[in-house]
Amino acid sequence: QVQLVESGGGLVQAGGSLRLSCAAAGRTFGSYVMGWFRQAPGKEREFVAAIRWNGGTTVYADSVKGRFTISRDNAKNTEYLQMNSLRPEDTAVYFCAAYFGRSTIVQEGYQYDYWGQGTQVSVSS
């Protein structure tokens, strides 16, 4: 089994930055995709970004393109989400997620096999 643990959330003012981390613990399962989702109060869960573990191909939601950067550290089995130019509408609980056995990046949450517990990101105006 694989456990995902997020960290790095907090409270920042608009225009500020945060870096989220997601560490994977447990058995390795080879090449896979890791991503980030978020859910704001009263809103549906939405896709943020994802990265292919081997090759580094990335996909971003239109709302975060140019502001957020997803990356990974293969040696540490950890993914990161660098968030710059944060806006109040970025306020949400952020979840990391992962799946394996596919060669393409998908954005539908139900297709991800593993999920972290979430970390709160709050952006004030």
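The radius of gyration is taken over C-alpha atoms, and the globule rule used with it is 2.2 Å times the number of residues to the power 0.38. With that in hand, we can look at the protein chain shown above, which is a predicted model. For 125 residues, a compact globule would have a radius of gyration near 14 Å, and the protein chain agrees because its own value is 14 Å. If you like to picture dimensions, the C-alpha trace spans about 40 × 25 × 25 Å along its principal axes.

**How the chain is built**

Which secondary structure elements will you meet on the way through? The protein chain has 11 strands and zero helices. Reading along the sequence therefore gives the pattern β-β-β-β-β-β-β-β-β-β-β. Among contacts in the protein chain with a separation of 6 or more, 57% are between residues 24 or more positions apart.

Of the 125 residues in the protein chain, 43% are buried. The accessible surface comes to about 6,500 Å², and carbon and sulfur atoms hold 45% of that. As for charge, there are 12 positive and 10 negative side chains, with the centres of the two sets 5 Å apart.

**Aromatic pairs**

A pair of aromatic rings is described by the distance of the centres and the angle of the planes. How many aromatic pairs are there in this model? The count comes to seven. Two of them are set out here, each with its values.

| Pair | Centre distance | Plane angle | Arrangement |
|---|---|---|---|
| F37 and F47 | 5.6 Å | 80° | edge-to-face |
| F100 and Y114 | 6.5 Å | 25° | stacked |

Take F37 and F47 to begin with. The planes of these rings are at 80°, so the pair is edge-to-face. F37 sits in strand β4 (residues 32-39) and F47 in strand β5 (residues 46-52), so this pair ties together parts that are 10 residues apart in sequence. Both F37 and F47 are buried.

Now turn to F100 and Y114, whose planes are at 25°, so the pair is stacked. F100 belongs to strand β9 (residues 92-100) and Y114 to strand β10 (residues 114-115), and the pair links these distant parts of the chain, 14 residues apart.

Is each partner here buried or exposed, or in between? F100 is partly exposed because its relative accessible area is 38%, which falls between the cut-offs of 20% and 50%. Y114 has a relative accessible area of 16% and is therefore buried.

Note on methods. Residues are numbered from 1 along each chain as its sequence is written. This is a predicted model: local features need pLDDT of at least 70, side-chain atom pairs count only at pLDDT 80 or more; totals for chains, interfaces and linings use all residues. Side-chain values use heavy atoms; hydrogens and water are left out. Helices (H or I, at least four residues) and strands (E, at least two) are DSSP runs, numbered from the N terminus. Buried means under 20% relative accessible area, exposed over 50%, partly exposed in between (1.4 Å probe, protein chains only). Contact means heavy atoms within 4.5 Å. Accessible areas come from the Shrake-Rupley method with a 1.4 Å probe; for residues, only the protein chains shown count as cover. Lys and Arg count as positive and Asp and Glu as negative; His and the chain ends are not counted. The place of a charge is taken as NZ of Lys, CZ of Arg, CG of Asp or CD of Glu. Rings of Phe, Tyr and Trp (its six-membered ring) pair if their centres lie within 6.5 Å; planes under 30 degrees apart count as stacked, over 60 as edge-to-face and the rest as tilted.
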